[in-house]
Amino acid sequence: MDLAEIRECLGNGKAWVNKSEARWLENPNLDVEKMARLMVETGARLVTVTASRTPGDEFQMIYHWDLQGQLLNFVTITHQATLPSIASICPAADWIEREIHDYLAVNFTGRELPTLVLNEQDPPGVFSWNFQWKGKEGGRA
Amino acid sequence: MSYTIPIGPYHPSLEEPCKLQVTCEGEIVQDVTLSVKYNFRGVEWLAERRNYHQAITLVERVCGICSNVHTLTFCNAVEHLAGLPVPERAQYIRTIVVELERLTSHALWAGIAAEVMGFQTLFMTCFALREQLMDLLETLSGNRVHYGMNCIGGVTRDLTDPEAVRTTSRRVRQTVADQLIPLFANDKTVHARCAGIGKLSKEQALAWGAVGPTARASGLTEDIRRTSPYAAYARLAFEVPVETSGDVFARVVVRLREMVESCRIVEQALDQMPPGPIHGPGFVEVPPGEAVARSEAPRGELFYYVASDGTDIPSRVKIRTPSFVNQPTVRLMMLQENLADVPLINASIDPCYSCTSR
């Protein structure tokens with residue numbers, strides 16, 4: 001399956017963009033489960049997922065896949081800081097989703113999200129915690 | 001009746017914190033739960049609060065073993081973003097240093113694996129070899145661990161004594177080919193401890209996203225140096241060792257063969273390295289945008305995503321280390337194995353918990 005067919009299968013109107021020696025496809029309404037199934041069927045490897053804060057309350061999500069050495073980046077956005085989990089389709093997403101949940105409190109539906117880098121009792125979203133260094137006597141605000 | 005044994009977070013052989021909860025029936029492992037939170041330092045969060053040059057020093061400290069490849073990959077991503085060319089001589093120096101780092105890492109791993117097997121002579125041979133490499137890296141960079149060699153647009157130090165590198169590389173290649181490979185390949189103790197143990201199939205490796213020697217020991221062929229060449233790799237000839245048995249022994253063989261290839265790469269790079277500048281302008285403006293960079297770290301593919309909002313501080317830095325994707329596969333390797341093999345199976349992926357939790 002070539003890149004044009006992948007784009008067609010995902011019903012995306014936008015063209016692939018070539019940037020930093022990788023291919024990028026943007027779709028704010030990307031069906032991530034369909035994308036994951038398609039990529040797994042083509043023999044692609046999930047490299048990772050990058051979550052980034054946007055000016056609003058949502059997060060930009062980039063699903064990075066390696067297809068025969070070529071890096072494909074699917075760019076989408078969360079809806080109410082939530083996306084469906086792809087861990088049941090692609091096991092490599094298990095730790096990736098748990099880490100994103102720990103870091104940014106993005107939710108992934110259809111699975112449990114035990115902490116990966118935080119303690120069990122810590123609230124998710126450690127990158128949003130308000131850290132204020134209070135010297136040796138103090139601690140986290 | 002099943003019982004659960006907690007191993008770690010302090011582990012006597014790995015000396016890095018990780019907790020394994022191993023559930024057994026008799027001596028046979030039925031399930032494993034991993035906990036890797038003990039080294040979490042929020043490096044990505046910290047990198048988004050430092051300028052690009054400060055971030056290089058920070059990302060170098062993600063790992064104490066593959067520190068150089070972190071700065072290389074970060075610099076590559078920023079250079080993509082800024083459209084900054086890297087002088088050819090700097091590309092060769094980057095290649096040489098990153099291969100010496102791979103040799104150091106693999107020698108360390110081989111030594112630890114030998115120690116876990118109870119083979120102390122082999123452990124000493126590996127560490128004596130590693131010492132020579134660390135001495136060389138200290139001569140080149142001034143440091144034994146964090147080399148500080150990469151900057152945005154090139155390298156910070158020229159390679160002024162190529163003969164010293166060539167001599168060490170030849171000696172290392174000879175030691176690996178004449179001593180380490182025959183010892184690991186033919187010794188009955190090594191075979192008994194490694195062959196047929198801790199298997200990971202090709203399908204499992206792909207589904208769980210395994211990379212590097214762990215993946216290549218299971219039949220996957222990808223090596224970022226070959227599939228997406230960076231630095232000077234496109235101009236250098238080397239083989240990518242691949243094994244298909246997917247067991248601990250295959251991981252041993254892949255790494256040892258990689259050491260020979262690394263020496264070949266270093267020696268070719270020394271032959272081809274042209275004279276010229278080693279870096280571009282000292283300070284660069286990074287325009288708004290985003291870029292990715294990948295490289296083949298000693299443990300496998302290292303991935304960086306860097307986004308810029310046009311200021312001198314990156315707006316997003318994402319780091320995906322090879323250990324982060326290799327570590328979950330040890331659960332699959334350990335299932336139905338003997339409890340006594342758990343430490344060796346865990347060590348066989350060359351885990352780095354500092355990289356994993358960052």
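How many bridges join β4(A) to strand β5 (residues 70-77) of chain A, and do they run parallel or antiparallel? I find that eight bridges join these strands, which run antiparallel; strands are DSSP runs (E, at least two residues), helices are DSSP runs too (H or I, at least four), and both are numbered from the N terminus. I take two strands as paired if DSSP finds at least two bridges between them.

Before going on, I note that this is a predicted model, in which local features need pLDDT of at least 70, side-chain atom pairs count only at pLDDT 80 or more, and totals for chains, interfaces and linings use all residues. Residues are numbered from 1 along each chain as its sequence is written, while chains are lettered from A and ligands numbered from 1 in the order in which they are written.

Next I followed His64(A), which stands opposite Asn73(A) in β5(A) and is also the bridge partner of Thr48(A). Strand β3 (residues 45-53) of chain A pairs with β4 (residues 59-67) of chain A in the antiparallel sense over eight bridges, and the two form a hairpin with five residues between them. In the hairpin of β4(A) and β5(A), with two residues between the strands, I saw that Gln68(A) takes a positive phi near 50 degrees.

I then looked at β2 (residues 22-26) of chain A, which four bridges join to β5(A) in parallel, with Glu26(A) opposite Val75(A). I could now place the strands of chain A in an open sheet of five, in the order β1-β2-β5-β4-β3, with mixed pairing.
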